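Please look over the sequence and the model first.

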Amino acid sequence: MSVNDRYVISPHRPLRCLGVALFIMLLTNTLQAWYHYHDTYDSDRALAQLKKQHQQTLADHHDLLKKYHQAMSSVNDHQQQLALQTAMTDELGIRLGQMQQKVLDLNKELVFYQTITQGNNTGELQIRELELRQDKTEADHYRFRVVITQGQNLNAPITGQVELTLNHSNADESQSSSIAAEHNLNLRHVQVLEGAFKTETHAAPESITVTLRQDNKTLLTRNFDWLPE
């Protein structure tokens, strides 16, 4: 190779360089646009999926909230029904107890009257029974029940007064008494008197006396012990 062959003189072509530069710029912009398009597409798709999931979550939450309110309403209804049934059960229990006590009292009355009508008693005037009960609400109040009988065949009833007298022992060992209750006596065969009285002193009486009077005349008197301690 000769020395003259080392250098090759080419004509200057500025348009060719400009075309290459424009091609490179176009390629770069195309790649950037393609990347931006795919990036935006992926973002939009992800956002759409998130919106769809959010809407589904809201729908599920609304459905669960509705079911929760329905369940709470059902629970409240059951609680109200249970409270009503409990109250009814308690009321029926009280009424049953009252009816059972009434049956016992009626059975007692039946036996008592059967005894009288069958002639298993004397013909004398009798104070057959005195029942005392302390009031449940007021300690100084008492309820009583007195049964008076006679077996004679009378044309007219025995009339008069029935007195209940409380007997006390004083501090000086003396005795005192006070009338607690009075009722009209109107007796042919059986008379049952019921009522209440209040004790006047804090000390309980020692005994209670039932007296039958007619025209200021004492027909019959009977003493009963006070309530047991």
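Two strands pair if DSSP finds at least two bridges between them. Strands here are DSSP runs of E of at least two residues, numbered from the N terminus. Strand 2 (residues 141–149) and strand 5 run antiparallel and are joined by nine bridges. Within strand 5, glutamate 194 is the bridge partner of arginine 145.

The model is predicted: local features need pLDDT of at least 70, side-chain atom pairs count only at pLDDT 80 or more, and totals for chains, interfaces and linings use all residues. Residues are numbered from 1 along each chain as its sequence is written, and side-chain values use heavy atoms, with hydrogens and water left out.

The open sheet has three strands in the order 1-2-5, with antiparallel pairing. Strand 1 (126–134) and strand 5 (190–198) each have a single partner strand, so one side of each lacks a neighbour in the sheet. On average, neighbouring strands of this sheet are turned by 15° against each other, direction ignored; axes are lines fitted to C-alpha atoms.

Now the loop. Which residue there has a positive phi of about 55°? Aspartate 215 does, although it is not a glycine. Aspartate 215 lies between strand 6 (207–214) and strand 7 (217–225). Asparagine 216 is in the loop between strand 6 and strand 7. Most residues other than glycine have a negative phi. The table also gives relative accessible area; exposed means over 50% (1.4 Å probe, protein chains only).

| Residue | Phi | Relative accessibility |
|---|---|---|
| Aspartate 215 | about 55° | 75%, exposed |
| Asparagine 216 | near 60° | 82%, exposed |

Key
Helix = DSSP H or I, 4+ residues; strand = E, 2+ residues; numbered from the N terminus. Buried < 20%, exposed > 50% of the residue type's maximum accessible area, 1.4 Å probe, protein only. Axes fitted to C-alpha atoms, helices over the stretch in contact; angles between N-to-C directions.
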